[in-house]
Amino acid sequence: MKHKKHQKNFVIQLNLYLCADKKQIFIKKMKKILKTIGSIAAAATIIFSSACNKGTTTPTQNSAQPAALSEIAYVNIDSLLDQYDMYNDLRTQLMAKQQKMEQELQTKGKSLERKALELQQNYEKRLVTPTRAQEIQQNLAAEQQRLLQQRDQGAMELADDERRIMSMVSDSVQNYIKEYNADNRFKLIINKAGLLYGDKSLDITEPIIKALNDRYNAAGQKATVPVDTTAKK
């Protein structure tokens, strides 16, 4: 009776160390990050504005007048990102990294589960002493803790990569917008996401996408997620 009671308590404790549920948390977190990446335009509205005159000028009655319709344009950031080759290359890299992390974690998680099950079976068959079983159980707990740390570290790495991708793509688009409007033909260029209505004639998305892709592909080299040089070694 004493052995069965000890065995029951041990099995209950052992089950606390099985990482199947923890593993699913990691997978859901990774997918949530990728979902955020896929809807980047909804997560961060990018508004581009360009002044007609450079430098600081004193406002006059004329400059205070609303911009004429011909001086306003908008860009559909959702469409731009979907068709921008740089963004799609970076997103593909992030998805590949996420998948690799997920597979590695699943492999280690299944290995840990097998070890825990094997220990439980050996304990039930009295092939291992309670003292030895307790030692193995502690080792499995430590292994699980390392696995959870790896999960959290992976999530942080992907979040950092996401931030750098957003910054990289945003800089690329904004820099080209400035070049596109170098002649100051537009006083205001905005993101369509912030519009209730915009006439199609004001949409400059297509020429912006074409120019961005032409420039990116002309370089002949795919963009890569920049390394975070501030990360601690």
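Tutor: Buried means under 20% relative accessible area, exposed over 50%, and partly exposed in between, with a 1.4 Å probe and protein chains only. Tyrosine 176 is buried, as its relative accessible area is 13%. This is a predicted model, in which local features need pLDDT of at least 70 and side-chain atom pairs count only at pLDDT 80 or more, while totals for chains, interfaces and linings use all residues. Residues are numbered from 1 along each chain as its sequence is written, and side-chain values use heavy atoms, with hydrogens and water left out.

Student: Which residue forms an aromatic pair with tyrosine 176?
Tutor: Tyrosine 180 does, and the pair is tilted, at 6.1 Å centre to centre with 45° between the planes. Rings of Phe, Tyr and Trp (its six-membered ring) pair if their centres lie within 6.5 Å; planes under 30 degrees apart count as stacked, over 60 as edge-to-face and the rest as tilted. Helices (H or I, at least four residues) and strands (E, at least two) are DSSP runs, numbered from the N terminus.

Student: And tyrosine 180, buried or exposed?
Tutor: Tyrosine 180 counts as buried, at 16% relative accessibility.

Student: How many aromatic pairs are there?
Tutor: The structure holds 2 aromatic pairs. Tyrosine 84 and tyrosine 216 form one that is edge-to-face, with 6.5 Å centre to centre and 75° between the planes. This pair links distant parts of the chain, 132 residues apart: tyrosine 84 is in the loop between helix H4 (77-83) and H5, and tyrosine 216 is in helix H7 (residues 205-218). Tyrosine 84 is buried at 2% relative accessible area, and tyrosine 216 is buried at 9%.

Student: Changing topic: at what angle do H5 and H6 cross?
Tutor: Helix H5 (residues 85-124) and helix H6 (residues 130-180) cross at roughly 175°, and their axes come within 11 Å. Axes are lines fitted to C-alpha atoms, for helices over the stretch in contact, and angles run from 0 to 180 degrees between N-to-C directions.

Student: What comes just after H5?
Tutor: Arginine 126 is there, with a positive phi of about 60°.
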